[in-house]
Amino acid sequence: MNPDPKTTQKTFWIEMIRAGPMGVLEFLFVPLAGLVALKYYDASDWQKALLLAISEAGLIATFIVVPLIRRLNCQATHAAAIFNFLGAAGIAFAAIFSESLMHYMIGLGFGFFILMLSLPVLTQIYQGNLPESKRGKIVATASIFRGLIGIAFAWKAGEWIDSDINNFKPLLWVFAIAASLNGLAMWVMPKVKTAKGSTNPFSAFKWLKKDKQFRILIISWMLMGLGNLTALKIWTEYFANSDYGNGFTALQVTLLTFIIPQSVKIAFTYPWGWLFDRMNFYLLRIILNVLFCAAILVVFYGQSFWVIAIGTGLQGLAFAGGSIAWMLWVTKIAPPEHTAEYMSIHTFTTGLRGVAAPIIGFYLLRNFGDGVAIFSAILIFLASVVLLPELKRGQKKSQG
């Protein structure tokens, strides 16, 4: 059942307001956290990998979130807000004790972990408050605005960090405030009740057994995501560390990891949102896989800043569609009352590969250099192969 127009309109405008703080926060995730660990703290490979892995571990814990919210009888919107407030507290802790690498890792690790916990309920909020026919376009519109805010902020913040790496300390307070504002926006969002169901945290895993379509897509996402993240998680290190022949400045790293891909993402987000609402999802996913694979190969085998920039631009093109697909694909196959459960399994498996990816990535980069791209390309290719039988089956159905 579609929501009433007033609910949809209010949700849209709150998403647009939320785009501001979310755009700011994205710069903390990529590339600032890793850049500071390298340039200011001179962290070891395992410490940098651990920081990136902790940020993804929150996704593993998401399968517990939906049953917990049900047990507490909490609104989905209020739960998402609370997670943002707690995330802000973690970032503030890192800001207060920024002289210590250990406290920096604890604060940001906790903040990243908690912020990830809201993702399953966010998808349910979208399903409850946005009509299916417009869901992709609305999320895409908010994503475009978020990207514009993120680019403007990243440009100035990147220049500021480039002038003095110590400037990351006041920036942490900006991120803490942004997470708090995001929490306030979620609190006033039109309320969505968490769908009734089991309070057993492992109950959602039954859908992997019962729903073949879901199971195949999860396997494909796992292969593709591990391949993509293994390369993506070490981009900041690969670009900034002179051991790998680049040694780019903080502003150049900001351009490659954020401003260029985000600019391309903004330009193509709305068309991908339109395609998501209309195109066969398996075909859409395979096209995105090809783009991700091409981007990784160009980035790691490019011999100049601007060739590498083309690769990161291709990554932005792929992410324009990939981010919408990642957030909304379960709404295409899940029964409405089980959307949050499906999403919790999706985020759980995303967390597994997110924890493994930086560890694998740093190991491959240190021992095989740009050969890490071959590992990623093989996994992304296999992810597409897995989907081909389902794509052919869907095409036969359409023709029939």
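Okay, hi everyone. Some ground rules before we start. This is a predicted model, so local features need pLDDT of at least 70 and side-chain atom pairs count only at pLDDT 80 or more, while totals for chains, interfaces and linings use all residues. Residues are numbered from 1 along each chain as its sequence is written, and side-chain values use heavy atoms, with hydrogens and water left out.

Let's begin with helices. When I say helix, I mean a DSSP run of H or I with at least four residues, numbered from the N terminus. Two packed helices are described by the angle between their axes and the distance between those axes. The axes are lines fitted to C-alpha atoms over the stretch in contact, and the angle runs from 0 to 180 degrees between N-to-C directions.

Take helix 1, residues 5-39, and helix 6, residues 119-129: they pack at about 140°, and their axes are 9 Å apart. Who makes that contact, where contact means heavy atoms within 4.5 Å? From helix 1 we have Thr 7, Thr 8, Thr 11, Glu 15 and Arg 18, and from helix 6 we have Leu 122, Tyr 126 and Asn 129. Sorted by class, that's 2 nonpolar, 4 polar and 2 charged residues. For the classes, Ala, Val, Leu, Ile, Met, Phe, Trp, Tyr, Cys and Pro are nonpolar, Asp, Glu, Lys and Arg are charged, and the others, Gly among them, are polar.

Now look at helix 7, residues 135-163, and helix 12, residues 250-278. Their axes are also given as 9 Å apart, with an angle of about 170°. Therefore this pair is roughly antiparallel, a label for angles over 145 degrees; under 35 is roughly parallel, 65 to 115 roughly perpendicular, and the rest oblique. The contact between helix 7 and helix 12 has 15 nonpolar, 11 polar and 6 charged residues.

Next, the inside. A nonpolar core here is a set of buried Ala, Val, Leu, Ile, Met, Phe, Trp, Tyr and Cys residues joined through side-chain atoms within 4.5 Å. Buried means under 20% relative accessible area, exposed means over 50%, and partly exposed is in between, using a 1.4 Å probe and protein chains only. How many residues does the largest core have? It has 132, and those with the most contacts inside it are Tyr 104, Leu 108, Phe 175, Phe 214, Phe 239, Phe 300 and Trp 329. Helix 1 gives the largest share of this core, 13 residues.

Find Tyr 104 on your screen. Setting aside neighbours within four places in sequence, its contacts include Leu 32, Ala 33, Val 36 and Ala 37, plus Tyr 41 and Phe 168.

Leu 101 sits in helix 5, residues 101-116. Leu 101 is buried, because its relative accessibility is 16%. Beyond neighbours within four places in sequence, Leu 101 contacts Tyr 41, Ala 43 and Gln 47. Leu 101 and Ala 37 are 64 residues apart in sequence, but 7.7 Å apart in space, C-alpha to C-alpha.

On to the loop between helix 5 and helix 6, where we find Ser 118. Is Ser 118 buried or exposed? It's buried, at 9% relative accessible area.

Val 30 and Pro 31 are joined by a cis peptide bond, with omega about 5°, and Pro 31 lies in helix 1. Asp 42 is not a glycine, but its phi is positive, near 50°. Asp 42 is in the loop between helix 1 and helix 2, and it's exposed at 62%. Asn 73 also has a positive phi, near 55°. Asn 73 is in the loop between helix 3 and helix 4, and at 73% it counts as exposed.

A disulfide is a covalent bond between the sulfur atoms of two cysteines. How many disulfides does the structure hold? The count is 0, with the cut-off being a pair of cysteine sulfur atoms within 2.5 Å. Cys 74 is partly exposed at 22%, while Cys 293 is buried at 16%.

Phe 381 is exposed, with a relative accessible area of 56%. Thanks, everyone!

Definitions and conventions:
Helix = DSSP H or I, 4+ residues; strand = E, 2+ residues; numbered from the N terminus. Contact = heavy atoms within 4.5 Å.
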